[in-house]
Amino acid sequence: MKSSRFDITVLTLGFAFLYIPIVILVVYSFNASRLVTVWGGFSLHWYASMWSNEGLMDAAWVTARVGVLSATLGTVLGTLAALALVRFQKFPGRMLFSGMIYAPLVMPEVITGLSMLLLFVALGVDRGFWTVIIAHTTFTMCYVAIVVQSRLLTFDRSLEEAALDLGCPPVKTFFKITLPLILPAVVAGWMLAFTLSLDDLVIASFNTGPGATTLPIKIYSQVRLGVTPEINAICTILIGLVTIGVIVASLSTKRAEIRRIRDEHLAQRQGI
């Protein structure tokens, strides 16, 4: 089926709308001029200035720690929630439990952030680093649960049953059989949770405190006073890290698929 000229034009305009602003940001991160809208020649000055900006680097370090911890906790809780929804079809409160899992997906972030703020205030908890992690974990675990649940719905449970019949304990069966088979979905859920935490501004702004300023909050506060080339530089580094992560994940998935197909062919030949 050939693509029409209209389809190609619409696709080109769509990609241009999405990626031309990113390209402009990357190009102007190498701008020698202090004015971000005036090209003053190629320079790496703002990258060096970015590394010496303690406020920006501290915010980046806080964001990285919050992202890793909240994504890890969200992945563990989301995987357990997915197992409960798929493996236990009937238990008291299942409808309420599933509704609580799916609610943050459709709920505006401002409501989620405000509700978490009211919870911490009611409990008398001082807002800071750990309150941001708890808020992000609550927000991201539902996405992990959806991703892992989609994998568990197509999971061949006969493999687990065979291991249990051979005397393998349930916990060991999970770590030896179930977890390796659903690992791609778990990793995908972790990456999605980390990305959501890295990008979040609204929920973090409600639940942050002294010493827990994340990078999106820091950038937003500086952009309100005017965009500086340092912001372009750190955004370019983030784009590069995300691009490398996507490439590595794609190559790993492709290699795993090739390995799986090769193992299947080898098994078929041995069976013959």
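Helices and strands here are DSSP runs, numbered from the N terminus, and the model through which this tour leads is a predicted one.

Begin by selecting residues 64–88, whose end C-alpha atoms lie 35 Å apart and whose span is 96% helix and 0% strand. The UniProt record, an unreviewed entry, places the feature "transmembrane region" at this span, and likewise at residues 6–28, 100–123, 129–148, 179–198 and 231–252.

Now select helix α8, residues 170–199, and look along its length: a straight helix of 30 residues would span 44 Å at 1.5 Å a residue, yet the end C-alpha atoms of α8 are only 38 Å apart. Centre the view on Leu183, where α8 has a kink of about 60°, shortly before the proline Pro184.

Staying with α8, show the side chains of its buried residues, among them Thr173, Thr178, Ile182, Ala185 and Val186; further along, Gly189, Ala193 and Ser197 are buried as well. To see what surrounds them, display α3 (54–87), α6 (129–152) and α7 (158–165), against which the buried residues of α8 pack.

Finally, select the cysteines Cys142 and Cys168. Are they buried or exposed? Cys142 is buried, with a relative accessible area of 1%, while Cys168, at 19% relative accessibility, also counts as buried, because the cut-off for that class is under 20%. A search for disulfides anywhere in the structure will find zero.

Key: Residues numbered from 1 in each chain as written. Predicted model: local features only at pLDDT ≥ 70, side-chain atom pairs only at ≥ 80, totals over all residues. Heavy atoms only, no water. Helix = DSSP H or I, 4+ residues; strand = E, 2+ residues; numbered from the N terminus. Expected span 1.5 Å × (residues − 1). Bend = angle between axes of the 7 residues up to and from the residue. Buried < 20%, exposed > 50% of the residue type's maximum accessible area, 1.4 Å probe, protein only. Contact = heavy atoms within 4.5 Å. UniProt positions renumbered as here; feature names shortened; annotations may be inferred. Disulfide = S-S within 2.5 Å.
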